[in-house]
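Hi,

Here is the structure for you to look through. My notes follow below it.

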Amino acid sequence: MSKKFYTLVIVPNSTSGLHKFRIPLWAVYACSILGILLFFSAVGLSFNYARMALRTADHEQLLAENTTLQVDNKNLEMSTGQLNVKLQRLEDQAERIQEMMQADTWNQRLGLTESIGVGGSPGNHPTATMIAGLNTLDNLDLTRNRALELEDQLQFVESLVLTRNGKLDLTPSIWPVTGPTRSGYGRRRDPFTGEPEFHQGLDIGALYGSVVRAPANGYVVFAARQSAYGNLIVLDHGGGITTRYGHLSHLDVGVGDQLRKGDPIGYVGSSGRSTGPHLHYEVRSNDRAVNPRNYLPTDQTRTAD
């Protein structure tokens with residue numbers, strides 16, 4: 001006959017008697033099943049706790065990242081706003097420079113104002129108002145586009161200035177010598193005969209031996225004595241523009257010499273057909289005399305550029 005129970009014997013010590021407990025078989029099975037269920041429940045709870053802990057950590061990390069992103073976005077908005085203010089200032093400065101370039105009489109003489117375009121919007125749309133309606137990404141795109149347009153605008157102004165300076169270097173735009181104008185360009189009475197004549201240059205009064213300087217870049221095409229001119233220098237500045245310097249006491253250059261604006265070329269004298277020390281100065285366009293004052297600044301102590 002199979003056993004229906006288990007006997008549990010407990011021996012407290014060597015002198016005490018034995019204690020016997022009968023445990024029914026069903027109770028053993030029930031305890032085993034309960035133990036197994038408790039074990040799997042504990043394992044399941046452990047997994048659930050670990051999963052919840054991970055989710056909590058992820059949630060806290062996401063909250064921290066979201067807070068950081070909000071701070072970064074706020075800083076980005078502030079930086080973008082400050083950048084837009086700076087861009088607006090640069091745009092205003094570039095516009096003022098273009099306006100000054102367009103109003104400059106030398107740019108008009110050199111034909112540079114023709115390359116300055118026109119345009120604009122028929123209404124007044126403040127930049128800050130337009131930007132206020134954009135999100136950060138749109139604002140960044142707008143700022144990027146404005147920066148590219150401003151770069152193109154400044155490059156255009158730079159090229160215009162370089163072109164102006166290049167042309168101005170070849171234009172006789174400074175006084176070759178400092179002194180009062182004794183006789184201007186145009187009709188006058190001949191100082192020797194008193195008869196009417198056409199004076200093709202300026203007679204600039206100066207002390208004997210005063211330095212005469214090249215009013216523009218160029219090279220020497222003539223340097224010798226030439227009848228009424230006395231000691232004469234002729235400079236070629238390119239583009240059909242030449243200049244003449246007469247009545248010199250001494251020549252400091254020779255044919256073929258390359259000159260920069262402001263280089264000394266000779267000294268004031270009274271050689272040739274002259275009543276006293278002065279410089280006879282001519283400007284010619286395609287070998288036709290033109291009024292030198294069209295190229296000269298009013299103030300002799302300053303250059304035209």
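At 51% relative accessibility, phenylalanine 39 counts as exposed (buried is under 20% relative accessible area, exposed over 50%, partly exposed in between; 1.4 Å probe, protein chains only). Phenylalanine 40 is exposed too, at 56%.

Please note that this is a predicted model: local features need pLDDT of at least 70, side-chain atom pairs count only at pLDDT 80 or more, and totals for chains, interfaces and linings use all residues. Residues are numbered from 1 along each chain as its sequence is written, and side-chain values use heavy atoms, without hydrogens and water.

How many aromatic pairs does a search of the whole structure find? It finds 3. Rings of Phe, Tyr and Trp (its six-membered ring) pair if their centres lie within 6.5 Å; planes under 30 degrees apart are stacked, over 60 edge-to-face, the rest tilted.

One of the pairs joins phenylalanine 39 and phenylalanine 40. This pair is edge-to-face, with 5.5 Å centre to centre and 75° between the planes.

Tyrosine 185 and phenylalanine 198 also pair edge-to-face, at 5.2 Å and 85°. Tyrosine 185 sits in the loop between strand S3 (181–183) and strand S4 (186–189), and phenylalanine 198 in strand S5 (residues 196–199), so the pair ties together parts 13 residues apart in sequence. Strands are DSSP runs (E, at least two residues), and helices are too (H or I, at least four), numbered from the N terminus. Tyrosine 185 is partly exposed at 28%. Phenylalanine 198 is partly exposed at 43%.

Valine 43 is in helix H1 (residues 25–103). Valine 43 is partly exposed, at 31%.

Best wishes
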